Amino acid sequence: MHKHPTLGLEVGLVLLGIVVALAVFAGVVAPLDPLRTGAVPLQPPSPHHLLGTDELGRDLWSNIAYGARVSLLVGVLSTLLSTVTGLAAGVAAGYYGRGVDEGLMRIAEVFQIIPGMLIALLLVAFFGGRLWTLIPVIALTGWPLPARVVRSEILSLREREFVLGARALGGRDVHIMWRHLLPNAFPPVLIGLPMQVGRAILLEAGLSFLGLGDPGAASWGKLLQSAQEYMREAWWLALFPGAALTATVLALYLVAEGLHARTGPVLQ
Amino acid sequence: MRSVTSRAVLGIVAVVLTGAPLAVALQPARFGGALVVATSSDPGTLNGGITTASPAHTVADSIYNGLVQLDAQLKPTPDLAERWTIAPDGRAYTFTLARDVRWHDGQPFTASDVKFTYEQVLLKYHARTRGGLESVLESVDAPTPTTVIFRFKRPFGAFLQRADVTEAPILPKHLYEGTDILQNPHNATPVGTGPFKFKEWTRGSQVVLVKNETYFKKGLPVLDQVIFRVLPQASLSMVALERGEVDYLDTLPPADVPRMRASKAFTILPTLAGPGGSFCINTGVFNLTHPPLDNLKVRQAIYYAINREFMVLAVLGGLGRVATAPVSAGVRWAHNASLPPYPHDVARANALLDEAGFGRGAGGVRFRLTYIAATPQIHSAEVIRDNLRDVGIDVNVVPLEFTAAQERTFVRKDFDLAFVSYCNGPDPDIGVKRMYVSSNIQPVLFSNGASYRNPRVDELFDLAAGSLDLAVRGKHYREIQEIVWRDLPYFWLVETFRDVGFNHDLRDPQYWAGNIAERAYWVKPR
Amino acid sequence: MSLLTYSVRRVVVAVPMLLSVAVLTFVLVHIAPGDPAYYLAGDGGTPAYYALIRQKFGLDRPLPEQLARYLWTVAHGDFGRSLQQGQPVLSLIITRVPATLLLVGSAFVVSAVVGVAIGALVAPRANGFADRAVLGTTALGSALPVFWTGLLLALLFSLRLGWFPVQGMMSSRGSPAGWARAVDVLHHLILPMTALAVQPLAAFSRLMRLKMLEALAEPFILTARAKGLPNARVMLQAARNAVLPVVTVIGGHAGALVTGAVLTETVFAWPGLGRLALDATLTRDYPVVMGVVVIASVGTVIINLVTDLAYAAVDPRITYA
């Protein structure tokens, strides 16, 4: 195989570390307010504005830095929400089986066959695109996957001795699920987390690019929407936000692939 | 030769015989062909009688006619009406209509179409006609198939300039009578009397019109086809113009104007008028029924907080000026030039809000407002939001597509702040009155969105319309502006100009109006 | 059982699934703030129109009855009328489907074929220069956001170089017929298709490479080589084994392609279903948005079915249980 089997993982972690640091220390490295209008619009990169300004005079470097916050916030929180929801559903479906399983998996399938972007469009049409609305919306596009993964694990674990033993001893269902099943079913889900976060970040960026995101948030996708309008005048608006987005997603994919490689072939 | 006279006659004949063909040959040849116009939004509807929105009129104004047409100086000239007379007391307008005019489906056009359009369509659904005429128009009569008489309750001076196709397109009675006007299928497959006939509409993409071979104005139109291409991105429509993919752009992005002027391939013309109206002011709308906007100090504070010079620079690219009165400075005889200004003064704004009792709470926020923004106007929204942040007002911007934004603002009235480009028109009675009269608080697009009521203002508008003397009318309009400036139901931001740009080989587009292509022609074959 | 029975069974199972999608839209209409009539009839209508809608959807009736009526209406292909345009939603959707099918279909085929080919070709030379180059570029490629790719392609090839048109599916002037029209559409298709295909292509080639390497390590390959079979045949055999799991992944990627299509259609003003969904969201044209969701789901189900059948047909080992 490779000479450095974990090169991908290491590169990914470093890149991710840079993005996280940028998000955390945005206020320090980019002291200008990203939403502050008033400066000269569409300036190219200069000592005063490191990456230039956008059409309303907002500093691009500040927007990139604070945009990291938005991307990571939305990506991580929505993934957390979808994972928790998926876990709960998957454990219940796997453990109780039959009617519960049938019902929950049917609902999951509905969210799986509708393409994620369309679910997002549908929900934004009804509920709007503010940041704290987007997080549950994106979570709804992602919960079926962890649910199915966990369910498969639970189905195979359910008949194992330690579970049967716990039941024989009169343990309550919830207790069994929490103490015995969940810790064993969790690892495969964990492996999938970086991919989920990457997917969520791309979805938020896509929605902002389409103009459906939160106009009050400094989002990389929103920057790219401006980039499209000022393609000829301001190449910096197109280049830097896209590069930031790609680097972040690449980091997450490398980490995901690295984890896959270390733990052997995993369920889909 | 026999006599001097004979020689002279022969000489003249000779000159004429050789000169005439020479003169004709020297005149630029007129070619038809197609004209491709870029427009930034899908029209939404092709019935110009139920909306004043410019995307709709950009297309619809070539399909229909009005009684008159406005020339480049915005003076009325004949359109469907050949001539007209105004009664000495100013209370009756009699129009004699052109003969042998037919609808695109072959039916004859008559005065009853005019009567029907005014009574059943314009007075119900067209914001400027409804706002302006409803209270003064007494009756519309069609005594003969080619005569229409408008009778007014009071002497009315402001009628001719609102009888063009942008303000009052005439619709076919035989297709609209007895139907639900708003749901009539001909709103999408229009039948008009105009120079171009509807061919097809691919939503979100383009509208194709073809030449009306039996247009009542002989020799017109010259063009064979007009295609309206929907290109939402201004930058890309620029590229399309330069590449020849489109021929005509009704709003040039300001940043590109100097470069286009320098190029010999295009004609650039400035104008203050257009299919959406003329003398337009970007206006912020306060919903006076939603506290805390019912508090005058709050409204004043908001007005002080906004950096309008920056809006002219960044949002309009320099193509505009700060608004100094509710009536555009372009309508000189009615504009009030001595109103106390509202400069950009953040300290004053903060002080007013403190005085009004709205202290800063958590995170420095005094209160929240919901702002409805149409997506083509999102930049203004972002500047306003940023400016209001400075005074502790947290603005929730809701971006909606243009028509959806207008519906939410005017029909649902579900907003705190809204943003509308209200066009004054060449006469304040046309486009200003509808914003302020209490009778126009209706679920009609572009009406009195603020829900402003002031009986004195209502009275003054009637007085102003009731005179034929511009000096008297001007005095009344100036008084209205004083009152309204004090009451602040709206916050008037910037007046907008635009530059029209088109291929150099195109001649005679009526670029100040909606029906740009009626007389236009190419000087080279396309 | 036979392939046919299997297919029929799958189709039968799909129907209630699609109705469940409709149930979802029904639920949304009723839990969203405001009057359900607003989501079905909009604001600009006359009282007569509202009365019609109330009657049709039984908005004054108990919920279960409303649900039944709603599903009945949807099952007949009646998704109501567009709030913005008054046209029946289904006919509006149908006019847009061909454009999206063309874009997504071509991107799908190109990304699948080229991706699998690259993966298969590069695997035997693992760790070589070509392999590393491919690994690097596909890593980058699979992380590229589709709308950024589209933007960059438009910037370079349309704006700077002028090789391709900037927007749309056809040029505005006239409507050329026959071959000229096809060429015109193709000319407009190249950039958006490439933008849409880049990311899946990168992902498929990486996966194919992985599966190919696994297949090449299998015992039967050694056997084949020991038997003296020519290298090309050995490779082909390995590829046939490797491609199966990749086919499943490719099929599962259909939903992501639709997501990508919405974004690509926006960048290039391509008049397809994705643009329709976006415009409908921006105009709050609920019947259209709901209609697109149901129709897109139908499409996804069909693609899943086709993928399953392709898999079943290709792999002689599985039985159709």
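Helix H3 of chain A passes helix H7 of chain A in a right-handed crossing. A crossing is right-handed if the near helix is turned clockwise from the far one by less than a right angle, and left-handed if anticlockwise. Helices are DSSP runs (H or I, at least four residues), as are strands (E, at least two), numbered from the N terminus. The model is predicted: local features need pLDDT of at least 70, side-chain atom pairs count only at pLDDT 80 or more, and totals for chains, interfaces and linings use all residues. Residues are numbered from 1 along each chain as its sequence is written, while chains are lettered from A and ligands numbered from 1 in the order in which they are written.

H3(A) covers residues 60–96 and H7(A) residues 144–157. Their axes come within 7 Å and cross at roughly 35°. Axes are lines fitted to C-alpha atoms, for helices over the stretch in contact, with angles from 0 to 180 degrees between N-to-C directions. H3(A) contributes residues including A:Gly86, A:Gly90 and A:Gly94 to the contact. Among those from H7(A) are A:Pro144, A:Arg148 and A:Arg151. By class, this contact has 13 nonpolar, five polar and two charged residues. Ala, Val, Leu, Ile, Met, Phe, Trp, Tyr, Cys and Pro count as nonpolar, Asp, Glu, Lys and Arg as charged, and the others, Gly among them, as polar.

Chain C has 13 helices and zero strands. Its C-alpha trace spans about 80 × 55 × 40 Å along the principal axes. Of its 321 residues, 43% are buried (20 or more other C-beta atoms within 10 Å of the residue's own, with C-beta atoms placed from the backbone).

Chain C also touches chain A, with 38 residues of chain C in contact with 35 of chain A. Two residues are in contact if their C-beta atoms, placed from the backbone, lie within 7 Å. H13(C) gives the most to the chain C side, with eight residues. That side has 29 nonpolar, eight polar and one charged residues.

Chain B has a mean pLDDT of 89, with 96% of its residues at 70 or more. pLDDT is the predictor's confidence in each residue, from 0 to 100. Where pLDDT is low, the predicted coordinates should not be read in detail.

Key. Buried ≥ 20, exposed ≤ 12 C-beta atoms within 10 Å, placed from the backbone.
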